[in-house]
Amino acid sequence: MAAPVSLQVEFGGGAELLFDGVKKHQVTLPCQPEPWDIRNLLKWIKQNLLKERPELFMQGDSVRPGILVLINDADWELMGELDYKLQDQDNVLFISTLHGG
């Protein structure tokens, strides 16, 4: 059984508007049989933090194109994207690069 994982989850670039305008969330993910990865974190965020218009944040079981994901200030593409195994005290930042005009 994987231990609980404490993270800081941040939203920026307008993405925070989908989360009641709150940019920083200190979260503790509960124990589960497998280690937490970004794929599971996104499901958890959708169920627990996302307040409105999930289609603007997620597409399928990943983030929408145009949302930059940084894990401890590194691009998630370098970290394995959805398969990155979360570590205690990780910082996961979602930045929307989509702007209306």
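Leaving aside neighbours within four places in sequence, which residues is Phe-94 in contact with? In this predicted model, the contacts of Phe-94 are Val-9, Glu-10, Phe-11, Gly-12, Ala-15, Leu-42, Ile-45, Phe-57, Val-63, Ile-67, Leu-68 and Val-69. Phe-94 is also one of the residues that touch the most other members of the largest nonpolar core.

**Nonpolar core**

- The largest nonpolar core has 29 residues, and those touching the most other members are Phe-11, Leu-29, Ile-38, Ile-45, Phe-57, Leu-86 and Phe-94.
- Two or more residues of this core come from each of β1 (5–12), β2 (24–29), α1 (38–48), β5 (67–71) and β7 (91–96).
- The element that gives the most to the core is α1, with 5 residues.
- In soluble globular proteins, nonpolar side chains tend to be buried together.

**Helix α1**

- Ile-38, Leu-41, Leu-42, Trp-44 and Ile-45 are the buried residues of α1.
- Viewed down the axis of α1, these buried residues fall within an arc of 165°, so they line one face of the helix.
- The cover over the buried residues of α1 includes β1, β2, β3 (58–59), β4 (62–63), β5 and β7.
- Two of the buried residues of α1, Ile-38 and Ile-45, are also among the core residues that touch the most other members.

**Phe-57**

- Phe-57 sits in the loop between α1 and β3.
- Its relative accessible area is 0%, so Phe-57 counts as buried, the limit being under 20%.
- Leaving aside neighbours within four places in sequence, Phe-57 is in contact with Phe-11, Leu-18, Phe-19, Leu-42, Ile-45, Leu-50, Ser-62, Val-63, Arg-64, Ile-67 and Phe-94.
- Phe-57 and Leu-18 are 39 residues apart in sequence, and their C-alpha atoms are 7.9 Å apart in space.

**Ser-62**

- Ser-62 belongs to strand β4.
- With a relative accessible area of 16%, Ser-62 is buried, because the limit is under 20%.
- Not counting residues up to four places away in sequence, Ser-62 touches Leu-42, Phe-57, Trp-76 and Leu-82.
- Ser-62 and Arg-39 are 23 residues apart along the chain, and 6.8 Å separates their C-alpha atoms.

- Ile-71 is part of strand β5, and its relative accessible area of 0% makes it buried.
- Ile-71 touches Ile-38, Trp-76, Met-79, Tyr-84, Asp-90 and Asn-91, not counting residues up to four places away in sequence.
- From Ile-71 to Val-9 the separation is 62 residues in sequence and 9.5 Å in space, C-alpha to C-alpha.
- Asn-72 lies in the loop between β5 and β6 (74–75).
- Asn-72 has a relative accessibility of 35% and counts as partly exposed.
- Although Asn-72 is not a glycine, its phi is positive, at about 50°.

- Asp-20 is placed in the loop between β1 and β2.
- Asp-20 has a relative accessible area of 55%, so it is exposed, the limit being over 50%.
- The phi of Asp-20 is near 55°, a positive value in a residue other than glycine.
- Gly-80 lies in the loop between β6 and β7, and at 39% relative accessibility Gly-80 counts as partly exposed.
- Gly-80 and Leu-98 are 18 residues apart in sequence and 23 Å apart in space, C-alpha to C-alpha.

**Largest pocket**

- Rolling a probe the size of a water molecule over the atoms shows where empty space is left.
- The largest pocket holds about 170 Å³ of space.
- Its lining is made up of Gly-13, Gly-14, Ala-15, Leu-17, Leu-18, Leu-56, Arg-64, Ile-67, Ser-96 and Leu-98.
- By type, the lining residues divide into 6 nonpolar, 3 polar and 1 charged.
- Among the lining residues, Ala-15 and Ile-67 are also contacts of Phe-94.
- Leu-18, Arg-64 and Ile-67 line the pocket and are in contact with Phe-57.

Notes. Residues numbered from 1 in each chain as written. Predicted model: local features only at pLDDT ≥ 70, side-chain atom pairs only at ≥ 80, totals over all residues. Heavy atoms only, no water. Core = buried A, V, L, I, M, F, W, Y, C linked by side-chain atoms within 4.5 Å. Buried < 20%, exposed > 50% of the residue type's maximum accessible area, 1.4 Å probe, protein only. Helix = DSSP H or I, 4+ residues; strand = E, 2+ residues; numbered from the N terminus. Contact = heavy atoms within 4.5 Å. 1 Å grid on protein atoms, 1.4 Å probe; cavity = no way out; pocket = protein on both sides within 12 Å on 5 of 7 lines; lining within 4 Å. Points joined across faces, edges and corners; volume = space filled by probe spheres on them. Nonpolar A, V, L, I, M, F, W, Y, C, P; charged D, E, K, R; others polar. Arc of directions from axis to C-beta.
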